[in-house]
Amino acid sequence: MVPSRAGTKVLLLVLVSLAASCTSAATDDAPVGGSPPEITGPTSESSSSPSQPQDRPGLADARIDLQQVAVLEQPVALAVRPDDQALYFAEKVGRVVVLREDGAEPDVILDINGEVSQGSEQGLLGLAFSPDGDFLYINYTDVQGHTHVTKFRTQSDGLDLGSRRDVLFVPQPFSNHNGGNLAFGPDGYLYVGLGDGGSGGDPDGNGQSLQTLLGKMLRISPRPSDGDPYGIPPDNPFVGQDGARAEIWAYGLRNPWRYSFDRENGDLWIGDVGQSEREEIDVELAGSAGGLNFGWNLFEGTLSYEGGSEDDQTVSPVYEYPNRSGGCSVTGGYVYRGSRSRISRAPTSSGTSAKAAWRRSCCWTGRRRSCDRSPR
Ligand SMILES: [Ca+2]
Ligand SMILES: [Ca+2]
């Protein structure tokens with residue numbers, strides 16, 4: 001049964017038309033720790049790149065068709081379960097709904113609307129299935145604004161609500177910058193992106209502090225371990241280091257709202273929302289030993305923010321763009337490996353990364369041009 005949906009409804013669009021309303025500012029700065037893949041910029045800027053091979057169609061020619069598949073309320077995340085054709089959506093207002101077939105009404109399989117905070121960056125923010133499909137993990141902010149990662153055992157018609165267990169709880173000092181995404185890596189571990197806690201400028205210095213989970217990408221084994229609700233992978237980079245949280249995989253992140261793994265090679269792509277100058281895309285190559293510092297708040301993109309200098313061992317974004325012209329914050333994206341795209345006729349090793357930006361409703365693609373496979 002579909003409950004009453006108060007408030008503004010939005011159409012879920014499986015594909016969004018390309019627009020070129022965002023300006024671009026590709027960086028020439030060489031990241032610390034090896035050469036990451038390069039991607040071209042937004043459509044209008046990149047199509048004439050001198051490095052564009054002549055046998056590939058230009059990104060400016062890309063056109064994406066629109067198809068309405070459901071009417072949902074503030075859908076912010078989508079997940080698929082292994083060996084299941086259904087699509088599972090997180091509605092920010094606190095519901096998980098499943099679309100089992102084209103044209104069907106979505107079924108609500110979880111409703112925690114009364115348990116989530118409803119600020120602009122709060123609510124039910126992410127979901128992911130375990131690789132074996134036995135558990136669904138959700139990420140939400142409670143009515144006090146604190147972060148929970150909670151799991152449910154799956155069953156044939158939805159979720160076993162009695163199996164609900166909190167996996168991770170992180171107090172939030174401010175209402176914004178909560179991250180919210182969840183993704184399992186090819187290593188089977190759960191990656192949890194957390195923003196710097198909020199306010200503005202990272203007033204508590206959380207991004208560069210290894211003593212807090214805020215401003216981090218965490219890597220955990222989300223099953224009970226030694227009496228704890230989750231375990232720490234033994235090869236996490238800060239295991240055994242005094243004064244550092246062992247859950248940390250990467251640090252120096254401001255608000256990694258969305259990130260994903262390249263399904264072909266396991267590279268991790270992160271969209272990190274900027275403060276007031278730069279939106280950025282970061283990449284951690286598969287095979288990395290972890291422990292990368294993505295710079296915040298020493299840097300905002302490649303710009304020094306809180307005293308960052310070239311002596312700091314930080315990883316620059318592979319792409320950044322200014323956000324001064326209208327608050328066009330990066331939303332995230334995926335490396336597309338399918339064949340149903342005119343712009344994917346490039347060799348499969350290239351991949352195409354689709355990114356979206358908030359407020360101006362622009363969605364653009366870039367193509368990675370090269371990749372140094374050496375981990376840091
Ligand atoms: Ca927060
Ligand atoms: Ca950064």
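Colleague: How many helices and strands does the secondary structure of the protein chain come to?
Modeller: This is a predicted model, in which local features need pLDDT of at least 70 and side-chain atom pairs count only at pLDDT 80 or more, while totals for chains, interfaces and linings use all residues. Residues are numbered from 1 along each chain as its sequence is written, and chains are lettered from A and ligands numbered from 1 in the order in which they are written. Taking helices (H or I, at least four residues) and strands (E, at least two) as DSSP runs numbered from the N terminus, the count is 1 helix and 24 strands.

Colleague: What does the protein chain average in pLDDT?
Modeller: This score is the predictor's confidence in each residue, from 0 to 100, and 74% of the residues score at least 70, with a chain average of 81. Where pLDDT is low, the predicted coordinates should not be read in detail. The average asked for is 81.

Colleague: Which residues touch the most other members of the largest nonpolar core?
Modeller: Such a core is a set of buried Ala, Val, Leu, Ile, Met, Phe, Trp, Tyr and Cys residues joined through C-beta atoms within 7 Å, where buried means that 20 or more other C-beta atoms lie within 10 Å of a residue's own, exposed means 12 or fewer, and partly exposed is in between. Of the 67 residues in this core, the four that touch the most other members are L127, Y137, V192 and L218. The largest share of the core, 5 residues, comes from strand β8 (residues 135-141).

Colleague: Is E115 buried, exposed or partly exposed, and what is the reason?
Modeller: E115 lies in the loop between β6 (107-111) and β7 (124-129), and, leaving aside residues up to four places away in sequence, E115 touches G94, D142 and V143. Because E115 has 14 C-beta neighbours inside 10 Å, the residue counts as partly exposed.

Colleague: Which residue in β16 does Y259 stand opposite?
Modeller: Strands β15 (residues 258-261) and β16 (residues 268-272) pair in the antiparallel sense over 4 bridges, pairing being assigned if DSSP finds at least two bridges between two strands. Their hairpin has 6 residues between the strands, and there G266 takes a positive phi near 85 degrees. Opposite Y259 stands I270.

Key
Contact = placed C-beta atoms within 7 Å.
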